Amino acid sequence: MLTSSAFPDYPPLSEDALAEALGYRESPDVAAGGSMEGLEATVLDRPWPDVISRKAYDFVVRWETGGRAYYEQVIKGRPVWPGYASGITIGCGYDLGYHRLAQFTADWGQRIPRAEFDRLKATIGFNTADPNRPAKVTRAKALVQSLKDIVIGWDVAIAQFDAAKMPKLVSDLYGALDNLDRLHPHARGALLSLVFNRGNGGFTRSEDRYRELREIRKLMASGKRRDFEAIPEQLLSMRRIWGSASSLSRRREEEADLFKAGLAETGLTESLAALSTFAAPEAPGTTLAEDHADVPEQTDIGDEVDGTEALFDGLEAPGPSAADVKWNPNDDDQPDYRHLPKLRPGTEFDFTAADIEALVKYNAFATLPGLLVFALRGARIVGADKRENVTAITLADQRPNHRDFRCVMGVLDRESKRLWAYKASTVPNVNALLTGYQLAKQGRYEGNVLPTGAYIYTVGIHRAGTDGEIRGVLRLSKDSTGASVVIALRSVNDVVYDRRDFWHKCAPADNIHPGRRQTGFSSLGCLTLPGDYVKSSKTHTGIWADFRVALGMGKTFANTDNGRQFTVVLLTGLDAALASTMRTSGEIDDKAKAAAALKRLRFGSKGPDVTKLQQKLGLAPDASQLVGPVTRLALIARQQEKLGWADGILSPETDSALGLKVL
């Protein structure tokens, strides 16, 4: 859940401006005079925190509450009468004059003492709108005095705001305007702020003061970008109602700026997609087919070298800082996790060869013969940094953080069913997200996360011919020198990966190599293990060297290593925990239950279901029946079109939501 603390992106508001903003009430909802007839609502299929950006949330909280400092130092947590047409207002802008008793009970009945609740409920429905406003104002002032001993703490107030007020107003917004899912979360936040302040009734009212709201409704209904681009001007036009000196006009100006920021971010993502090196052909009548061919060279700028962090830290480029880089705290917004059930944080489980084989089976992964490499994003070996030549490994579910080795990589000998496992990372580091964010503005690519799936890796050289050369790494390629084309996820609008980020068809060279750092790891998207490489002696060190030994290679590079191939099954610790739980409960033996829980199609899946998927997506069926970059990108495009987001994974849930009927 998003929470409010400070507003670094916005200048402070004066007490007078806040008082005017908090006191202004206009057609709080459709029932106040508008009509739902003719409104083409957007389906709200996600929790409200997924609808708007953090920047937009801070914007709304700043205008609606003033933030914690204002609440505690000016309002002091007490009931107030903000003036204008307001009623008695508590918490974060909760105006009792515009609520019914049932709603007040639902919102506050369990949050404040009963005696205080009973005193406040006497003010339900009372506000100082005309007629007889002078008498009402006198009564409002008296009520405030009589209630001044009631104090509602900030934590209680903001929790109520997040749990009750935000969902209602987001629902009001989605019930009033079409095509909101086509807007950037910044732009949706600007319109949410408008609905907070002016209600949703004006979108259908005929009076002149609502003409801009009616026009915004028309522009949204078209669903076209050129019409979206006209919305900021409509927000600015509303200043005619209050005059340029009013804080309400300032709010409209800031909403227009926020909407424009959303348009700019959307334009960046669209332009990057258009510039994609492997963009799909758009010739009329063209039927796309899967393409599994590698390319001679990688498309990304290149991997990190020593000193990159210091170079970046010296830049004073605007944008996010290292403190802003984090793994997405909301599993439902993270593509690798959204399709999975939730477990208690830190859940421990025993992971066996049977669990890996079940995941391979139900993902229909095509695998090479011989040793199988597994990589679990977000997992920890309990009580150790490695386990070798064992039949089971106790793991704990966790999440990456772009700073530490919080994943597990290992080797399965499928004949003996014995396992080797090592602490590792499967995500880029902090600096990769920061540099990637800055370079994206120039249409350049650096930093990505490799989505879950099954990939072929071939032993070769990492960063050949450079000071950072490492011989004997595993290259994301079908030969020792090329680069496989995959669909990588890039965060170009912020520094947190989510399901609305840029899916890029590219050859990122997300190799597997040593982390090369005393603390943390070097990675722009590569999978890494603790250790290093001594170029002069061609010697590998640390856990990375142990991993190479488990794969049948030595700690010193030999030319015979080159060309060896392995399938790398990249999943999450949560996938592994689910398979383990089903095994220990016996549910894995129930084919229907196992399929319902584990069956997926994603990169590297193979079989007749893939052919069905390709046909449903309008692709020419692939003779190899294998999900590659074309099929995955077509699935992503369908998800974005129908759902407003994508994870590139076909689960039973998304199969149903998309109406594909493949699984």
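**Notebook: sheets, helices and cores**

I began with the open sheet, which has three strands in the order β3-β7-β5 with antiparallel pairing. The edges are taken by β3 (348-352) and β5 (379-381); each has a single partner strand, so one side of each is left without a neighbour in the sheet. I note here that the model is a predicted one.

**Entry: β3 and its surroundings**

I checked the pairing of β3 with β7 (residues 392-397) and found five bridges in the antiparallel sense. Helix α18 (residues 573-585) lies across β3, β5 and β7, and runs at about 80° to β3.

I picked T352, which is found in β3. Is T352 buried or exposed? Its relative accessible area is 12%, and because buried means under 20%, T352 counts as buried. Leaving out residues up to four places away in sequence, I listed T391, A392, L419 and R583 as what T352 touches. I also took the distance from T352 to R418: the two are 66 residues apart along the chain, and their C-alpha atoms are separated by 8.2 Å.

**Entry: α15**

I moved on to helix α15 (residues 353-362), which is mostly covered, with seven of its ten residues buried. The buried ones are A353, D355, I356, A358, L359, V360 and Y362. For the background to such a list, I recall that an α-helix has 3.6 residues a turn, so residues three or four places apart point the same way. After α15 comes A364, and I noted its positive phi, near 55°.

**Entry: β18 and its partners**

Strand β18 (residues 565-572) is mostly covered too, with seven of its eight residues buried. I looked up its pairing with two strands. Strand β4 (residues 372-377) runs parallel to β18 and is joined to it by six bridges; L372 has T567 as its bridge partner in β18. Strand β10 (residues 453-462) pairs with β18 in the antiparallel sense, over six bridges. In that pairing I found Y455 opposite V568 of β18.

I found five of the five residues of β13 (residues 502-506) buried. Which residues point which way from β13? F502, H504 and C506 point one way and W503 and K505 the other, and all are buried. Strand β12 (residues 486-490) pairs with β13 in the antiparallel sense over five bridges, and V486 has C506 as its bridge partner there.

**Entry: cysteines**

I looked at two cysteines for burial. C506 has a relative accessible area of 0% and is buried. C92 is at 1% relative accessibility and counts as buried. How many disulfides does a search of the whole structure find? It finds zero.

**Entry: cores**

I looked up the largest nonpolar core and got 69 residues; M166, L177, L191, L192, I216, M220 and I231 have the most contacts inside it. Helix α7 (residues 154-176) gives the most to this core, with ten residues. Apart from it lies another core, of 51 residues, which includes L372, V408, Y437 and L489.

I went back to I231 in the largest core. Leaving aside neighbours within four places in sequence, I231 is in contact with L191, I216, L219, M220 and F259.

**Entry: α2 against α7**

I took the packing of α7 against helix α2 (residues 54-65). Their axes come within 13 Å and cross at roughly 120°. The crossing of α2 past α7 is right-handed. On the α2 side I listed Y57, V60, V61, E64 and T65, and these meet W154, I158, F161, D162, K165 and M166 in α7. M166 is also among the residues with the most contacts inside the largest core.

**Entry: whole chain**

Last, I noted the totals. The chain comes to 22 helices and 18 strands. Of its 663 residues, 57% count as buried. Among contacts in the chain with a separation of 6 or more, 70% are accounted for by residues 24 or more positions apart.

Technical notes
Residues numbered from 1 in each chain as written. Predicted model: local features only at pLDDT ≥ 70, side-chain atom pairs only at ≥ 80, totals over all residues. Heavy atoms only, no water. Buried < 20%, exposed > 50% of the residue type's maximum accessible area, 1.4 Å probe, protein only. Helix = DSSP H or I, 4+ residues; strand = E, 2+ residues; numbered from the N terminus. Pairing = 2+ DSSP bridges. Core = buried A, V, L, I, M, F, W, Y, C linked by side-chain atoms within 4.5 Å. Contact = heavy atoms within 4.5 Å. Disulfide = S-S within 2.5 Å. Axes fitted to C-alpha atoms, helices over the stretch in contact; angles between N-to-C directions. Left-handed = near helix turned anticlockwise from the far one by under 90°.
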